[in-house]
Amino acid sequence: MTIGLKKGQRAVVTGGAGFIGSHLCERLIERGLSVTCVDNLSTGRIANLDALAGEERFTLLRADVTEPFSVEGPVHHVVHLASPASPLDYLALPLETLRVGSAGTENALRLAVAHGARFVVASTSEIYGDPAEHPQSESYWGNVNPIGPRSVYDEAKRFTEALTAAYARTLGADTGIARLFNSYGPRMRRDDGRVVPTFIDQALAGLPLTINGSGAQTRSLCYVEDTVRGLLALMDSSFPGPVNIGATGEMTVREIAEAIAALAGVELRTEFRASAEDEPGRRCPDIETARTKLGWKPEVPLAEGLKRTLLWWESTYPQDMAHDGVNGSSDIRSGAA
């Protein structure tokens, strides 16, 4: 039986030094839990954990989850976020991405089963591929190219879901699957390659905003604070999922560029590039399951979330340095990291 989130419990968060993972670790600490972050720092960053420096209830275990690992003492929750998630990362680390979705997921599941812990895994909207159904509901099986360059991420997450469901059916594991849509916010890397960090970095540097294809492809941007609330709600429940966690305010990539340029106070200049292979044309979640089963919905308006992100960006990456390495495209890929 699921015991829910309670003060004094312990959570293990794989990929906890990543973009979403670090925010989740902080919220769990705030709720009175102890947290062990397991991360090999291949795409995560120590700086993301600065707010937890000196926190007695927080521990960083530097380990590769694709290798067996153990955690001493009681464990009540295991949240598996470890995975390259940006297109630049998973295209550069294809075999590592496949291993963390397979061996890494099984190692995290084994840890949860050994401790009788609730297991929550971050899947992705990318399991829907280039969808023929819109908006995407959890009952949709997707339209994925299984051998294209993006398949290393898409199929790794589809296997992650299959393995999680098999552990629940076969071993009675207490599991929950969250399909995260396009998340954004503070702590995204400037070289992430996704649309929000790319556009902000380019706007602050006075460069043209690079758009793949026509810019008519759509995304639905969910502020990281809302994404984390969704994960917490799933952890606190017995719902197995899968459940979509994302915002429903669908925008074209061109409209996102316009919004960021306006917030940065610069004239919009664009540079169009070739479309990425197998890039989804539309992306928007049906979140009725999250509303009814978890009582969750996004709360931070896009304009407010982008403003917070821009302010963080300006304080973290000074504008006089923003010209360095701004070569990313606007090809956005959603995920755990």
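## The sheet and its strands

Helices (H or I, at least four residues) and strands (E, at least two) are DSSP runs, numbered from the N terminus, and two strands pair if DSSP finds at least two bridges between them. In this predicted model, local features need pLDDT of at least 70 and side-chain atom pairs count only at pLDDT 80 or more, while totals for chains, interfaces and linings use all residues. Residues are numbered from 1 along each chain as its sequence is written, and side-chain values use heavy atoms, with hydrogens and water left out.

Seven strands form an open sheet with parallel pairing, in the order E3-E2-E1-E4-E5-E6-E11. Strand E3 (58–62) and strand E11 (243–245) each have a single partner strand, so they stand at the edges, with one side of each left without a neighbour in the sheet. On average, and with direction ignored, neighbouring strands of this sheet are turned by 20° against each other, where axes are lines fitted to C-alpha atoms, for helices over the stretch in contact, and angles run from 0 to 180 degrees between N-to-C directions.

Strand E1 (residues 10–14) and strand E4 (residues 77–80) run parallel and are joined by four bridges; Val12 has Val78 as its bridge partner in E4. Helix H4 (residues 151–171) packs on the sheet, where this helix touches strand E5 (118–124) and strand E6 (175–180), and its direction makes about 155° with that of E5; contact means heavy atoms within 4.5 Å.

## Cysteines

With a disulfide taken as a pair of cysteine sulfur atoms within 2.5 Å, the count comes to zero disulfides. Cys25 is in no disulfide, and the nearest cysteine sulfur, that of Cys37, is 4.9 Å away.
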